[in-house]
Amino acid sequence: MNLTLKIWRQKGPQDKGQMVEYKVTDISEHMSFLEMMDVLNEDLVAKNEEPVAFDHDCREGICGMCSLHINGEPHGPDRGITTCQLHMRMFNDGDTIYIEPWRATAFPVIKDLVVDRTAFERIQQAGGYISVNTSGNTQDANSIPISKHNADLSMDAATCIGCGACVASCKNSSAMLFVSAKVSQFALLPQGRIEAADRVKNMVAQMDLEGFGNCTNTGACEVECPKGISLENIARMNREYLKASI
Amino acid sequence: MSGFLSSSIARKVAMALSALFLIFFLIIHLAVNITSIFSESVFNELSHFMGTNPLIQFALQPVLIFGVVFHFAMGFVLELRNKGARNVKYVKYNGAASATWMSRNMIYSGLVILAFIVLHFIDFWFPEMNYKYIEALPADPTRYFGELQHKFENPLRVGAYVVAFILLALHLLHGFQSAFQSIGFNNKYSKCVKSLGKIYAIVIPLGFITVALYHYFNH
């Protein structure tokens with residue numbers, strides 16, 4: 001298939017940036033979206049032009065590195081996938097595809113489609129851990145009974161890959177789905193309860209400090225999340241926060 | 001907005017609690033209004049009670065006004081902060097793909113409701129305050145029904161009320177269940193809350209519209 005791409009090009013963090021139009025031809029419907037981007041970049045390199053910078057790593061939907069806001073949606077029009085799992089069969093021959101970076105004040109553009117997501121790292125560092133030494137001194141996992149229900153919910157929350165699609169999709173650029181997943185995965189387990197109050201307060205404080213917006217419960221994050229992280233986590237974080245504050 | 005309200009979660013909880021208070025108030029308001037369809041004397045009696053009872057006038061009314069002002073002021077503060085959280089907009093943003101129109105446009109439905117409240121205050125509250133406290137006219141327990149009917153003679157006012165209540169319905173369709181989510185209520189009963197919210201969001205505004213139309217066609 002032949003496609004017209006409108007891609008955000010920005011030389012660096014200080015550059016104003018603009019949408020630039022490119023044509024790609026003979027794209028197979030079996031290609032992933034990132035492979036289509038590779039084809040474009042090979043064309044650009046062959047023409048001695050600067051290739052488009054975009055984030056990618058594992059290309060199997062588990063690392064959370066690939067981003068891209070495609071035709072107005074994070075990770076494109078499909079559901080429950082990352083951009084590397086998006087196939088060109090989701091598009092039609094002759095389509096025009098808009099490709100933009102994640103947009104949030106807390107995710108500044110580094111170059112083209114690459115944004116700085118270290119705000120998420122700083123939120124994690126503020127409390128997304130348990131303070132125990134696990135090197136060579138771990139006790140048997142079965143020595144602490146945990147209900148299957150809570151273990152499952154915790155595991156579901158822990159599947160968050162920190163890609164930032166929740167922020168990108170939210171009209172308020174809120175990071176609450178990400179932070180709530182990280183809070184929940186520990187809050188649901190006995191090992192995490194010990195530091196639960198400090199964790200939620202510190203992570204929320206860091207989230208606010210980074211400049212993410214306020215959640216208005218539109219639910220866009222849950223729909224666009226490649227891992228299906230539930231809004232229930234946000235309600236749980238709200239409860240945890242209130243409990244810790246009052 | 002210092003202290004507790006400096007946190008994003010505290011702000012959303014405060015927004016939700018003021019919303020739940022206003023949701024409760026609307027039920028009381030509609031219950032009084034509905035009586036005007038069935039009985040002039042009951043409506044007059046209830047209105048006189050509401051307008052003269054010192055607990056309602058000097059304790060609950062200030063709380064209500066604070067609740068309304070707080071909900072609007074906080075709504076504007078959140079909207080401005082949220083706009084700042086995305087300093088470069090998307091060229092193409094397909095918000096409809098993942099969220100309802102109601103949830104994405106609470107500020108606009110809220111602005112229409114604010115305009116309505118201004119009109120409503122000019123129509124009823126200011127004349128009432130003038131009657132009771134400025135001109136200090138003698139109490140007349142039978143005047144309320146006539147005043148109500150008089151207001152709904154004007155088709156433009158009735159039209160404005162109907163439009164405002166449709167926007168209130170849209171606001172509540174998202175707002176009701178959103179308020180529960182904000183205070184951390186998301187469990188096996190959430191489906192019931194969502195259904196109840198939909199019923200409330202349609203029945204309450206429809207009730208107010210019915211009262212306005214009834215008096216327009218029966219004055």
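Student: How many helices and how many strands are there in chain B?
Tutor: The model is a predicted one. From the N terminus on, the elements of chain B run α-α-α-α-α-α-α-α. The count for chain B is therefore eight helices and zero strands.

Student: What percentage of the residues of chain B count as buried?
Tutor: The C-alpha atoms of chain B fill a box of roughly 60 × 40 × 35 Å along the principal axes. In chain B, residues 24 or more positions apart account for 84% of the contacts with a separation of 6 or more. Of the 219 residues of chain B, the part that counts as buried is 26%.

Student: How are helix 1 and helix 2 of chain B oriented, roughly parallel or roughly antiparallel?
Tutor: Two packed helices are described by the angle between their axes and the distance between the axes. The axes of helix 1 (8-38) and helix 2 (residues 40-52) of chain B come within 7 Å and cross at roughly 150°. Angles over 145 degrees count as roughly antiparallel. Helix 1 of chain B is therefore, relative to helix 2 of chain B, roughly antiparallel.

Student: Which residues of helix 2 of chain B meet helix 1 of chain B?
Tutor: By class, the residues of this contact between helix 1 and helix 2 of chain B divide into five nonpolar, three polar and no charged. Helix 1 of chain B contributes B:Val32, B:Thr35 and B:Ser36. Their partners in helix 2 of chain B are B:Val42, B:Phe43, B:Leu46, B:Ser47 and B:Met50.

Student: Which helix of chain B gives the largest share of the side that touches chain A?
Tutor: Between the chains, 35 residues of chain B are in contact with 36 residues of chain A. The elements of chain B that give two or more residues to this side are helix 1 (8-38), helix 3 (54-84), helix 4 (101-104) and helix 7 (155-182). The residues on this side of chain B divide into 14 nonpolar, 14 polar and seven charged. The largest share, five residues, comes from helix 1 of chain B.

Student: What percentage of the residues of chain A count as buried?
Tutor: Chain A has nine helices and seven strands, and its C-alpha trace spans about 60 × 35 × 35 Å along the principal axes. Among contacts in chain A between residues at least 6 apart in sequence, 70% join residues at least 24 apart. Of the 246 residues of chain A, the part that counts as buried is 45%.

Student: How many residues does domain 2 of chain A give to the contact with domain 1 of chain A?
Tutor: Chain A is divided into domain 1 (3-111) and domain 2 (117-132 + 143-245), and 28 Å separate their centres, taken over C-alpha atoms. The side of domain 1 that touches domain 2 divides into eight nonpolar, eight polar and two charged residues. The contact takes 18 residues from domain 1 of chain A, and from domain 2 of chain A it takes 17 residues.

Student: Where on helix 2 of chain A do the buried residues lie?
Tutor: In helix 2 (residues 118-125) of chain A, A:Ala119, A:Phe120 and A:Ile123 are buried. Seen down the axis of helix 2 of chain A, the buried residues fall within an arc of 100°, so they line one face of the helix. What covers these buried residues includes helix 5 (176-187) and helix 7 (196-210) of chain A. Their place on helix 2 of chain A is therefore one face.

Student: How is helix 7 of chain A oriented relative to helix 9 of chain A, roughly parallel or roughly perpendicular?
Tutor: The contact is made by A:Ala196, A:Ala197, A:Val200, A:Lys201 and A:Val204 of helix 7 and A:Met237, A:Glu240, A:Tyr241 and A:Ala244 of helix 9 of chain A. By class, this contact of helix 7 with helix 9 of chain A has seven nonpolar, no polar and two charged residues. The axes of helix 7 and helix 9 (residues 232-245) of chain A come within 9 Å and cross at roughly 110°. Helix 7 of chain A is therefore, relative to helix 9 of chain A, roughly perpendicular.

Student: Is A:Asp26 buried or exposed?
Tutor: A:Asp26 lies in the loop between strand 2 (18-24) and helix 1 (33-46) of chain A. Phi of A:Asp26 is near 55°, a positive value in a residue other than glycine. A:Asp26 has 7 C-beta neighbours inside 10 Å, and therefore counts as exposed.

How values were computed. Residues are numbered from 1 along each chain as its sequence is written. Chains are lettered from A and ligands numbered from 1 in the order in which they are written. This is a predicted model: local features need pLDDT of at least 70, side-chain atom pairs count only at pLDDT 80 or more; totals for chains, interfaces and linings use all residues. A residue is buried if 20 or more other C-beta atoms lie within 10 Å of its own, exposed if 12 or fewer, and partly exposed in between; C-beta atoms are placed from the backbone. Helices (H or I, at least four residues) and strands (E, at least two) are DSSP runs, numbered from the N terminus. The arc is that of the directions from the helix axis to the C-beta atoms. Two residues are in contact if their C-beta atoms, placed from the backbone, lie within 7 Å. Ala, Val, Leu, Ile, Met, Phe, Trp, Tyr, Cys and Pro count as nonpolar, Asp, Glu, Lys and Arg as charged, and the others, Gly among them, as polar. Axes are lines fitted to C-alpha atoms, for helices over the stretch in contact, and angles run from 0 to 180 degrees between N-to-C directions. Angles under 35 degrees count as roughly parallel, over 145 as roughly antiparallel, 65 to 115 as roughly perpendicular and the rest as oblique. Domain bounds come from an automatic or database domain assignment.
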